Amino acid sequence: MNNKCIYYVEGPCEQQLIAALKEAPERLIPGKIKVFNMVQNLIPKSQMLSIQAGTTVVLVFDTDVPQTSNLKKNLELLTRYCGKLKIIFLPQVLNLEDELVRCTDVRTAMELTKSGSVKNFKTDFCKMKIKDCRSMLERHKLDYARLWMTKTPEAFSFVENNSSQIKTL
């Protein structure tokens, strides 16, 4: 097994969160981050062909919309076309904002960035420097062990709860 790792994240906010958690001291194993929504889109064959055998593929996605057909198909395609993959799921129940509220000391995600609305929160969160984002998460007592550990909605019951395999706690 090689130690390559690819994070497929839903959007720029998830990209920012993963990047911040990979900062020293690392809370997640290092790897490349690609913005690609596995729940909404089917992974192109060209993308799959670039994944080496033995790679750990980490899927970060929201669970607020109970549409799982593309995610299931992507899992099937990855398993079929990519040799010896380890797939780790980081399901956000129900979305990134809910996940952050559950694992920090704030009541709304907007408190993290002192934003006026959810839309502004996303913009502000994504604009932060990675080190500043990590500092902000630590200042708000981010409980790494609780991240991505909440039971997923029924539509996502096929998703394995294996997020601890990627964390470096």
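Predicted model: local features only at pLDDT ≥ 70, side-chain atom pairs only at ≥ 80, totals over all residues.
Trainee: Good. What makes S1 a strand that is largely enclosed by the rest of the structure?

Mentor: Strands are DSSP runs of E with at least two residues, helices are runs of H or I with at least four, and both are numbered from the N terminus. Buried means under 20% relative accessible area, exposed over 50%, and partly exposed in between, with a 1.4 Å probe and protein chains only. Five of the five residues of S1 (residues 5-9) are buried, so the strand is largely enclosed.

Trainee: Which way do the side chains of S1 point?

Mentor: Cys-5, Tyr-7 and Val-9 point one way, while Ile-6 and Tyr-8 point the other way, and all are buried. In a regular strand the side chains alternate between the two faces of the sheet.

Trainee: How do you know that S1 pairs with S2 and with S3?

Mentor: Two strands pair if DSSP finds at least two bridges between them. Five bridges join S1 to S3 (residues 56-62), and these strands run parallel. Four bridges join S1 to S2 (residues 32-35), again parallel. As landmarks, Tyr-7 stands opposite Val-58 in S3, and Ile-6 stands opposite Lys-32 in S2.

Trainee: Why are S2 and S4 called edge strands?

Mentor: The open sheet has four strands in the order S2-S1-S3-S4, with parallel pairing. S2 and S4 each pair on one side only. The twist averages 20° from one strand to the next.

Trainee: What makes the β-α-β unit right-handed?

Mentor: Point the strands away from you: the crossover is right-handed if the path from the first strand over the helix to the second runs clockwise. Here the unit is made by S1, helix H1 (residues 12-22) and S2, and it is right-handed.

Trainee: Why is H1 called roughly perpendicular to H7?

Mentor: Two packed helices are described by the angle between their axes and the distance between the axes. Axes are lines fitted to C-alpha atoms, for helices over the stretch in contact, and angles run from 0 to 180 degrees between N-to-C directions. H1 and H7 (residues 130-139) pack at about 80°, with their axes 8 Å apart. Angles under 35 degrees count as roughly parallel, over 145 as roughly antiparallel, 65 to 115 as roughly perpendicular and the rest as oblique. That makes H1 roughly perpendicular to H7.

Trainee: Which residues make the contact?

Mentor: Contact means heavy atoms within 4.5 Å. H1 contributes Gln-16, Leu-17, Ala-19, Ala-20 and Leu-21, and H7 contributes Ile-130, Cys-133, Arg-134 and Leu-137. By class, there are seven nonpolar, one polar and one charged residues; Ala, Val, Leu, Ile, Met, Phe, Trp, Tyr, Cys and Pro count as nonpolar, Asp, Glu, Lys and Arg as charged, and the others, Gly among them, as polar.

Trainee: How do you know that Thr-63 is buried?

Mentor: Thr-63 has 2% relative accessibility, so it counts as buried. Thr-63 sits in the loop between S3 and helix H3 (69-81). Not counting residues up to four places away in sequence, Thr-63 touches Pro-91, Gln-92, Val-93, Leu-94, Thr-152, Pro-153 and Phe-156.

Trainee: And what about the peptide bond from Val-93 to Leu-94?

Mentor: That bond is cis, with omega near -10°. Leu-94 lies in the loop between strand S4 (86-92) and helix H4 (96-103). The bond from Ala-24 to Pro-25 is also cis, with omega near -5°, and Pro-25 is in the loop between H1 and S2.

Trainee: Why is Lys-114 called exposed?

Mentor: Its relative accessible area is 72%, so Lys-114 is exposed. Lys-114 has a positive phi of about 55° although it is not a glycine. Lys-141 likewise has a positive phi, near 55°, and at 58% relative accessibility Lys-141 counts as exposed.

Key:
Residues numbered from 1 in each chain as written. Heavy atoms only, no water.
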